[in-house]
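Work through the following exercises with the sequence and the model open side by side. Try each task before reading its solution.

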Amino acid sequence: MKSYILPEFKIKRDNERCIECQVCVRQCAFEVHKVSQDGSIYSENDKCVACERCVTFCPTKALTIEEYEHYIKDNANWTASVQRNIWKQAETGGVLLTGMGNPKPYPIYWDHLLLNASQVTNPSIDPLREPMELRTYLGSKPESLEVEISGGSVRLKTKVSPQLKLEVPIMFSAMSFGAISYNACEALARAATELGTYCNTGEGGLHEKLYKYADHTIVQVASGRFGVHKKYLEKAAALEIKIGQGAKPGIGGHLPGEKVGEEVSRTRMIPVGSDALSPAPHHDIYSIEDLSQLIYSLKEATEYTKPVSVKIAAVHNVAAISSGIARAGADIIAIDGFRGGTGAAPTVIRDNVGIPVELAIAAVDSRLREEGIRNRVSIVAAGGFRSSADVIKAIALGADAVYIATAALVAMGCHVCQKCYTGKCNWGIATQDPKLSKRLNPDIAAERLYNLVAAWAHEISEMLGGMGINAIESLKGNRLHLRAVGLTKEEMDVLGVKVAGAPLS
Amino acid sequence: MEGINGRRNISGCGLTGFMSEEGRLINGEAIIRSIEVLHDRSNGLGGGFAGYGIYPHKKDFYAFHIMYDDAEAKDASEKIIEERFSISGEEPIPTRKVSTITKAPILWRYFLKPELDECDKDISEDDYVIETVMLINDTIPGAYVFSSGKNMGAFKAVGYPEEIGRFYRLDEYEGYTWIGHGRFPTNTPGWWGGAHPFTILDWAVVHNGEISSYDANRRYVEMYGYKCTMLTDTEVVAYLLDLMLRYHRLPVEIACKVLAPPFWSEIDRLKEERKEEGNVFEALRQIYGSAMLNGPFAIIVGHASGIIGLSDRMKLRPLVAGRKDDMLFIASEEAAIREISPNLDILWHPRAGEPVIGELKRTSIKKQAKVINLKERIVL
């Protein structure tokens, strides 16, 4: 069948600059750049995914990637990408697959919320001169403490359940070994350890060589139960039950057999080359009381020494579901918004299911407060955090901390080409091909991750100080420090914020 | 929720307070003299006082001080009061004419005993009173209960504090603890209810500062049924104290460490040196993080059995304390203390976040023999 699909990108090679060194040829796993019989280099546009690897590594900067200009008769409905998707399905009969988070131009509420700062009546605090505290504890908190003072000494009479200590309120979100390379996993674990925060194994198990980072690792128990065994639960600071993921609420996961090599096979405890299919639901969870059983099974298995998190996708009824999860005994609820990334998901689901995390955080925080149980769980927000500003706004809306993943991948080199599911990641991140994954140097990747989070922490300190606050807990749920621009009354009501310029109240 | 005038209250202010730990009763003129010195810290847009031990003849009744905009508000509030309490006495709050104090609302006080019906048996009298205060303040337009404790009373208005003290004839009351406040609001135009102190039951708080953590604190106390109708930082402090001290039964020193906690670096050090103590402070910040007051503040809190002075953990607002015999003085300026007690035994500047705590040593309150002549210099 003749394919009607036109290339998406066009590679321009400046022949005056090109020295025919063939770096581009070697760098591209999609085999875009080729050497012709006469030794000259040419490029096959239709294979290009715009990952920019060749552009970045070309020593003479001879390459640029542009959008392929093909004429579509002016139409707001039947755009080039719509037509391309229809041709793909007409030619294959398959579900369209993609990677990373929802790229559609839905409203980004972060960009409609503005932060406050002190002027005159309240001095701002200079974080370079004064202490600025970002430390955060995640876990279930009792409503009150019993403290006894006798004979000049104080003693705590209440037993507090286990807490995760974060030196910055930013953690690395779940990415499995299988979806990403071993080197990427190691870089995340090392950076989390250096930063005093946590990385998350996703549902891919924990490679034995990473056991030494156990104190900064959250291990996930997902519907496929891949790599879950006693030692796995022990080599963790916290456990996370994955119910859903923002990029693909309501469906399971699929790691293609091509990505299941020797190491992934051993870590996931599945045969080499077999597809790793996670069912859509957990087959032992058909309602909230079943979730409670799994939460307590994990607590029993680890003798109540580790907090248990439950991760869900932000969906329409997220507030009520979160209340149920809190009452089922979870210590942490991770809420993954519809912009959250993935290694592989059906495009139609990624782009159309779920709700923005901004609205979800606000709804969940408000609901738990109305029910008087906000102290029982910590809220971790995930899904598309792009900068320190997004993070600080999430905390002001009511989150305790956030998970970042796409930003972490970008820090390591990802250019968000959305081809993670092909296993051909030229940046050595979303691949199990040894030739590709060795491109990611874990020393450098860990340093880049550390730098990113350290920079965000610095920026958060500056913004906090500007608001006259020197401890992050005083911003949590402090929505008066947020003002809205360009939102409807209904949106502001859900977010619990006032319009910019409205009187302080 | 809209605040009064739809505005939240922020201000800079002068504070003063003192108590006799032996329970000697002191004429209210002393607190007027003390706050008068701090005239320049206020701008004539509000001031107020609270005195403890001032209603010895009605000491077992909850004394409600209520301001009404009109007779309609009064009728509606009294309907609630009559339904819920037996009234042992009611009268206008006595005032004298002061040329600068104008536009006074109707000021009325009631001495009340809760009449809990069968359905309310499981809540305490204190909770019942709080519920009533919240009900009136939240639902009746133009009515505002600004004092609701036993054997104590708050007095507040728009004007300079010394004028307000004279307007309320404080020289005709005697109390073992007095606190006073002069306001420099940067926001709310003069509304009498917006002046300090803010009270609930016998807690009365005067405050200088702006709490940057306000909305985190507000949303925290609202989880426990308090309603922040005033939208001032100070109101939230009163509710936080009530929650921690009365409900959670935390010791006063510990509650102060919640409001102005040590830095994590200090807690980490403490955990190495004295593990158990370090664990207490770590847990306090973990559990009561939303109760921490962030931003500049100095507060003086009065309550039935004592007085508390506290500044924020960076001491961005002034606070000094002094002692003379059984008297403990706390103020934003030394001058306010020296005015009424020039020869102190000791005067100190409490460190950031370090509470000054005065406790009533005796349960029986002594009558002070001395009658103060308004013209003479007061020396406590």
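Predicted model: local features only at pLDDT ≥ 70, side-chain atom pairs only at ≥ 80, totals over all residues.

**Exercise 1. The interface**

Task: Describe the contact between chain B and chain A by stating how many residues take part and how much area is buried, and then find which helices of chain B supply residues to the side that touches chain A.

Solution. Begin with the residue count: 50 residues of chain B are in contact with 46 residues of chain A. The size of an interface is often given as the accessible area lost when the parts come together, and for chain B and chain A this buried area is about 4,000 Å², with 57% of it on carbon and sulfur atoms.

Next, turn to the polar side of the interface, where 18 residue pairs of chain B and chain A are in polar contact, counting pairs with both residues at pLDDT 80 or more. The helices of chain B that each supply at least two residues to the side touching chain A are helix 5 (214-222), helix 7 (252-259), helix 8 (264-273) and helix 9 (275-287). Helix 9 of chain B gives the largest share of that side, namely 10 residues. Sorted by class, the side of chain B that touches chain A consists of 22 nonpolar, 14 polar and 14 charged residues.

Finally, consider the charged pairs across the interface of chain B and chain A, where 5 salt bridges are found.

**Exercise 2. A sheet in chain B**

Task: Work out the strand order of the open sheet of 4 strands in chain B, and explain why one side of strand 5 and of strand 7 is left without a neighbour in the sheet.

Solution. Reading across the sheet, the order of the strands of chain B is 5-6-4-7, and the pairing is antiparallel. Strand 5 (85-92) and strand 7 (143-147) of chain B are at the edges and have a single partner strand each, so each keeps one side without a neighbour in the sheet. On average, and with direction ignored, neighbouring strands are turned by 30° against each other.

Now look at one pairing in detail: strand 4 (residues 62-68) and strand 6 (residues 106-114) of chain B run antiparallel and are joined by 7 bridges. Within this pairing, B:I66 has B:W108 in strand 6 of chain B as its bridge partner. Helix 2 (residues 71-84) of chain B packs on the sheet and touches strand 4, strand 5, strand 6 and strand 7 of chain B, while its direction makes about 10° with that of strand 6.

**Exercise 3. A sheet and a helix in chain A**

Task: Which strands are the edge strands in the open sheet of 3 strands in chain A, and at what angle does helix 11 of chain A run to strand 6 of chain A?

Solution. The strands of this open sheet of chain A follow the order 6-22-23, with mixed pairing. Its edge strands are strand 6 (113-115) and strand 23 (498-499) of chain A, each of which pairs on one side only. Strand 6 of chain A pairs with strand 22 (residues 482-484) of chain A in the antiparallel sense over 3 bridges, and the bridge partner of A:L114 in strand 22 is A:R483. Helix 11 (residues 388-397) of chain A lies across strand 6 and strand 22 of chain A, and runs at about 95° to strand 6.

**Exercise 4. Backbone exceptions**

Task: Locate a cis peptide bond in chain B, and give the phi values of A:E31 and A:Q418.

Solution. Most residues other than glycine have a negative phi, and most peptide bonds are trans. In chain B, a cis peptide bond joins B:H196 and B:P197, with omega about 0°, and B:P197 lies in the loop between strand 10 (177-185) and strand 11 (198-200) of chain B.

In chain A, A:E31 has a positive phi near 60° and is not a glycine; A:E31 is in the loop between helix 1 (23-27) and strand 2 (33-35) of chain A. A:Q418, likewise not a glycine, has a positive phi of about 70°, and its place is in the loop between helix 12 (406-412) and helix 13 (434-437) of chain A.

Notes:
Residues numbered from 1 in each chain as written. Chains lettered and ligands numbered in written order. Heavy atoms only, no water. Contact = heavy atoms within 4.5 Å. Buried area = accessible area lost by both parts, 1.4 Å probe. Salt bridge = Lys/Arg side-chain N within 4 Å of Asp/Glu carboxyl O. Polar contact = N/O pair within 3.5 Å; in protein donor to acceptor, adjacent residues only side chain to side chain. Nonpolar A, V, L, I, M, F, W, Y, C, P; charged D, E, K, R; others polar. Pairing = 2+ DSSP bridges. Axes fitted to C-alpha atoms, helices over the stretch in contact; angles between N-to-C directions.
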